[in-house]
There are 2 protein chains.
Amino acid sequence: MKRLAILGSTGSIGRSTLSVVESNPERFSVISLAAGGNVDAAFEQAQRWRPRVVSMAAEADADKLRGKLKTAGLADMEVMSGAAGSVRVATHPEADFVVSAIVGVAGLEATYEAVKAGKTVGLANKECLVAAGELITAEAKKQGKPLLPIDSEHNALHQCLRGGEAREVERIWLTASGGPFLNTPAKDFDSITVEQALNHPTWKMGKRITIDSATLMNKGFEVIEACRLFDLPPSRVSVMVHPQSTIHSMVEFVDGSILAQLSVTDMRLPILYALTWPERIPSDLRFPVGDLRHLDFSPPDMGKFPCLRLAYEAAQAGGAKTVALNAADEVAVAAFLDGDIRFPEIARTIEEVLGRTPERHPATIAEVLAADAEARRLAAERIQSIAGNKAGNLRPALASHK
Amino acid sequence: MKRLAILGSTGSIGRSTLSVVESNPERFSVISLAAGGNVDAAFEQAQRWRPRVVSMAAEADADKLRGKLKTAGLADMEVMSGAAGSVRVATHPEADFVVSAIVGVAGLEATYEAVKAGKTVGLANKECLVAAGELITAEAKKQGKPLLPIDSEHNALHQCLRGGEAREVERIWLTASGGPFLNTPAKDFDSITVEQALNHPTWKMGKRITIDSATLMNKGFEVIEACRLFDLPPSRVSVMVHPQSTIHSMVEFVDGSILAQLSVTDMRLPILYALTWPERIPSDLRFPVGDLRHLDFSPPDMGKFPCLRLAYEAAQAGGAKTVALNAADEVAVAAFLDGDIRFPEIARTIEEVLGRTPERHPATIAEVLAADAEARRLAAERIQSIAGNKAGNLRPALASHK
């Protein structure tokens, strides 16, 4: 019986995790849950799973949850909030496996504390590796505990890497769907609308990651995550566009053999893999191999998608540059979604922030958060200057979004 | 340092094996060689590799080789012939790894004796698993030694199977190029010429295996080999046509994950893998992943390619039926190559022989060889009756071959 702590329980990964638990009640129990601001969903999960502790992002929401639980006769359940609550959920002494799926830097501290507390961690939070990967992987190594990737590409790589030793890896190939603008000419990028950018061809995901897929920044983040998770330099992590997203990634070994992982595009599969590793248990998540007809591939166009190039540059520098890459991207994507900047300005904003970020290596989570805040400030500064200058010009392209 | 015995050293696999040895002289030495009838090639190999013993198929060739070696100042090298010579090569006390690549049932006894002598065996001889697989896998299990497959599909499966435990395998997917008649209408099969059948789209191989690829019987043999090598019923071994032969095979695990192996179509890669397993060592056999554009798949048409269906039926029955499948195919393919029967008669001959073969399980290699001889007799009988009846009719279709 694995005893789970779930950080981000009411989000997409959190809900998929609980669906996997539901299908395998004899294997998993739920010890603690950290939710965001959805009190109703948190209440339902608390009722269903009876965790020892639930945490909400805001104290006001924790209070609301306490009220609901009292009415339901569950007044004894511990309810906390904020960073302290997430850390309590992540380090609960009864939990042995922590699913890290809080979106954004909010998940950093709790995940780091979980690793420090010797928990096995399933990683779905991008920032843990992009912004704080050097700290978190070092701590996991020190603890002798695995970091199990819960996203389709790195989970695929984890599976393929079983085919050899780490020293036998020549190169890692991350596949990318290419996003909705794979075949859009670069000259049309200026007029891309938010609706177009949110229309991802293969995965249904949150808004930010969908835009990050459209710019290929998501693949850039994955390059950085792969470097840190599997201890490889960026020069040995390559990207291939593969619109069907059937092959989730590949590992090329020194002898010339390549192992690839294929499966349905359903996050429950990498979650199940991480939760049961080193075992595999049956699921109904079957890819219909007999119906397979065509798989297409092409190299990524870094000229058209400068975010991927910027990610490689940040990966090479490491430290504060990767913190800034993530922070500037989050701010720029939010500005694009709000209609404040055009699509190509996302990359330009990030490039400017990277240029203004000094090369240094944060030694603590607090230093990571400080670098993150500084990059956000720089990004916001630039966006304000563009949005201020061009507000009139932007309206036509954004009309369909607002 | 691995010390090799090579059964079939002057054949295609034998030569590729020696090319791998040549590239890695610090890892491998050559202890013994068994050649067929090519005295010049055997002499060259003996001079280059200085094995302890060389065996030729026929005593007359062994004598010729002795003469050449004497002239070259190598009179001390032991030269043997026939079955006793192959067995001596396969069981030489100084050899620890035996490459089994003699074509046909001639390789059975020597391979079985190698397994019995506790050698690690790399299997390239199809008959070892198709005709005598039940005996050879049982003996390998008893010895606690691995059988390492040296053909691209089973070698690919061996690699993919590292991604989980045997009990976690749901299904094996063998890929098939589909051969030269993938898109030929069944109605045109009667007029297929030998040249057309020998024109394989992706692999350059010997004549029999090329014809077996054109009928899909080769894939049928591989189904049987996979069942025996990986201890699976035929119902859990499937075939998918994949004309590019880039994905060499796939393993589907119970959780829904599928691992696939990709590489260049060069036999040195599976040979290198088998010789170095469980390690992988660098090679220059690189598949250009960056140039990958399209992979195509389709289900096999068992109506058009009845040999595949016959192989599944034989696999289900096991024992003498699989011996007969291989023997009848070898005789029928030879008759097709000689212009004695038309292409569709290959399958019809095998079907008749299978129907006349009783279900029984040979308990010794001698019993396997007896079942083999009986099936050959039945196949020859039928071919004689067809060729006798239809000789006049066959000439037009065969004109281009003779």
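Q: How much area do chain A and chain B bury between them?
A: Buried area is the accessible area (1.4 Å probe) that two parts lose on being put together, summed over both. Here chain A and chain B bury about 3,800 Å² between them, with 53% of it on carbon and sulfur atoms. Asp255(A), Arg280(A) and Val289(A) supply 18% of the area that chain A buries against chain B, more than any other three residues. This is a predicted model, in which local features need pLDDT of at least 70 and side-chain atom pairs count only at pLDDT 80 or more, while totals for chains, interfaces and linings use all residues. Residues are numbered from 1 along each chain as its sequence is written, chains are lettered from A and ligands numbered from 1 in the order in which they are written, and side-chain values use heavy atoms, with hydrogens and water left out.

Q: How many salt bridges are counted between chain A and chain B?
A: A salt bridge is a side-chain nitrogen of Lys or Arg within 4 Å of a carboxyl oxygen of Asp or Glu. The count between these chains is 4; in one salt bridge, the side chains of Arg286(A) and Glu252(B) meet at 3.0 Å, N to O.

Q: What is the strand order of the open sheet in chain B?
A: Strands of a sheet pair through backbone hydrogen bonds, either parallel or antiparallel. Strands are DSSP runs (E, at least two residues), numbered from the N terminus, and two of them pair if DSSP finds at least two bridges between them. In chain B, 7 strands with parallel pairing follow the order S4-S3-S2-S1-S5-S6-S7. Strands S4 (78-81) and S7 (147-149) of chain B are the edges, each pairing on one side only.

Note on methods:
Helices (H or I, at least four residues) and strands (E, at least two) are DSSP runs, numbered from the N terminus.
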